[in-house]
Amino acid sequence: MLSLAVFAAQSAVFIVPPLLVEIATDLEVSVAVAGQLATATFAAWAVSLICVGPLSDSFGRRPVALVGLTILFASVLASAFAPNIETLLALRMLTGLAGGTLPPTAVGVVSDVISPARRAQAVTAILALNAVVSATTVPLVAVLADLGDWRLPFLVTALLLASGLLTNWIWFPKDSRNRLRGFAFFSRYVSLLSLRFFRVAIVVGTTQRIAFWATLSFFPAHLILTYDVPLGLVAVPLVITAAGQIVGSYSAAYVAKNRYRAALIASTSIVGGVCSFLFFSVHLGLWTAVAVVAVAAAFLSVAIPAMVAASTEYSGESKSTGASLMGLSNQSGGALGAAIAGVLLASLGYAGIGYLCLAVTVACALMTPFFGRQFGESAGRFAGPGPSVPQPERGGD
């Protein structure tokens, strides 16, 4: 039931990239302008994440999840009937606001019920649903758009969200704890941001995700326009690339528990950035290009799930708030990646996106030493329930 909700929400978010060319043509805008639909979604998602974590930790997981799914369903259904790019941008912002409620709530639920020893595997499994969506829903979107038009995938996604809303309304567990009396908003963030881990992880995560989302947002359009790939055939590269994301996401559980995890996050980021650079900047054969972008997706998929899993070591009973902070870095990177890549595409072409990916991943790697020695020494030691509002580290910060 929880997997269905997360799967449906992520499907709503990832629906746009394979449709950029179709949307741009139908609404009479450029691909670079249509690409700002992703910017609007990620920016709104980032705003949502600021509020969702403390609300979920304080008032309970169920109401936050159900309200988010309801708004998400309405926004995606309305998107299928958007008459112009302005309306669609507004609806994608609403989609981002609602979609941001699900991942932190899901991490909170998993952390509530899974033992500390297995928490890394459970959290990365939930986050790996992003890649499962890329392997299934995103290719299906391309096929549906080829059979009909870009509006048909929005209608199908709305039906998926309706089923997720219904099943969660019936079976999502009620929280027996009285969270209202323990409500805290700014104090949760202040306490978490007093920890070195969260301060460094937010910067590292945002920087690295610029490359991740710049790559995924524009690689279908790059294949269509550079290699003359028909829209329906784009489903095959999407599946291959998603398989790389799945491998990277599940590998994050190993990275999260490894004492050398800072070095692993740095090295996987650089390898992913180099591969993205080659994909956008060097004219390769079609299937060589697909293989290179799949490797890029795999390595760029490691860092955020690993840091989300590691965040449960530090966040006590504010695990949804901690996940929100990491999600904020993810969505901020998405908004910046799509926006900057769109500007570079308009001015320098696709090679500009390649240079962007290379630069930000090198910067990410250079910042990982700031995690400090304690980040490696605490690997695999997951925090227990802890206080409702975590206290700052003493002596090592």
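A salt bridge is a side-chain nitrogen of Lys or Arg within 4 Å of a carboxyl oxygen of Asp or Glu. By this rule the count comes to 2 salt bridges in this predicted model.

**Salt bridge between aspartate 26 and arginine 151**

- Aspartate 26 pairs with arginine 151, and their closest N and O atoms are 3.4 Å apart.

**Salt bridge between arginine 261 and glutamate 313**

- Arginine 261 pairs with glutamate 313, and here the closest N and O atoms are 2.9 Å apart.
- Arginine 261 sits in helix H14 (residues 261–281), while glutamate 313 sits in the loop between H16 and helix H17 (319–348), so the pair ties together parts that are 52 residues apart in sequence.
- Arginine 261 is buried, its relative accessible area being 1%.
- Glutamate 313 is buried as well, with a relative accessible area of 10%.

**Helix packing: H13 with H16**

- Two packed helices are described by the angle between their axes and the distance between the axes.
- For helix H13 (residues 235–257) and helix H16 (residues 303–311), the axes come within 8 Å and cross at roughly 45 degrees.
- This angle makes H13 oblique to H16.
- The crossing of H13 past H16 is right-handed.
- H13 contributes Ser249, Ala252, Val255 and Ala256 to the contact, and H16 contributes Pro305, Ala306 and Ala309.
- Sorted by class, the contact of H13 with H16 holds 6 nonpolar residues, 1 polar residue and no charged residues.

**Helix packing: H9 with H13**

- Helix H9 (residues 129–147) packs with H13 at an angle of about 170 degrees, and the axes are 7 Å apart.
- H9 is therefore roughly antiparallel to H13.
- From H9, the contact takes in Ala131, Val132, Ser134, Ala135, Val138, Pro139, Ala142 and Val143.
- From H13, the contact takes in Ala235, Leu238, Val239, Ala242, Gln245, Ile246 and Ser249.
- The contact of H9 with H13 has 12 nonpolar, 3 polar and no charged residues.

**Alanine 235, a residue of H13**

- Alanine 235 is part of helix H13.
- Alanine 235 is buried, with 9% relative accessible area.
- With neighbours within four places in sequence left aside, alanine 235 is in contact with Pro139, Ala142 and Val143.
- Between alanine 235 and serine 111 there are 124 residues in sequence and 34 Å in space, C-alpha to C-alpha.

**Helix packing: H14 with H18**

- The axes of H14 and helix H18 (residues 350–367) come within 7 Å, crossing at roughly 170 degrees.
- That angle makes H14 roughly antiparallel to H18.
- On the H14 side, the contact is made by Ala266, Ser269, Ile270, Gly273, Val274, Ser276, Phe277, Phe280 and Ser281.
- On the H18 side, the contact is made by Tyr350, Ala351, Ile353, Gly354, Tyr355, Cys357, Leu358, Thr361, Val362, Cys364 and Ala365.
- The residues of this contact of H14 with H18 divide into 14 nonpolar, 6 polar and no charged.

**Serine 269, a residue of H14**

- Serine 269 is found in helix H14.
- Serine 269 is buried, its relative accessible area being 0%.
- Residues up to four places away in sequence not counted, serine 269 touches Gln208, Leu300, Ala303, Thr361 and Cys364.
- Serine 269 and threonine 207 are 62 residues apart in sequence, and their C-alpha atoms are 9.9 Å apart in space.

**Loop residues with positive phi**

- Glutamate 28 is not a glycine, yet its phi is positive, at about 60 degrees.
- Glutamate 28 is placed in the loop between H2 and helix H3 (31–34).
- Glutamate 28 is exposed, with a relative accessible area of 71%.
- Aspartate 228, also a residue other than glycine, has a positive phi near 55 degrees.
- The loop that holds aspartate 228 lies between helix H12 (196–226) and H13.
- Aspartate 228 has 64% relative accessibility and so counts as exposed.

How values were computed. Residues numbered from 1 in each chain as written. Predicted model: local features only at pLDDT ≥ 70, side-chain atom pairs only at ≥ 80, totals over all residues. Heavy atoms only, no water. Axes fitted to C-alpha atoms, helices over the stretch in contact; angles between N-to-C directions. Helix = DSSP H or I, 4+ residues; strand = E, 2+ residues; numbered from the N terminus. Parallel < 35°, antiparallel > 145°, perpendicular 65-115°, else oblique. Left-handed = near helix turned anticlockwise from the far one by under 90°. Contact = heavy atoms within 4.5 Å. Nonpolar A, V, L, I, M, F, W, Y, C, P; charged D, E, K, R; others polar. Buried < 20%, exposed > 50% of the residue type's maximum accessible area, 1.4 Å probe, protein only.
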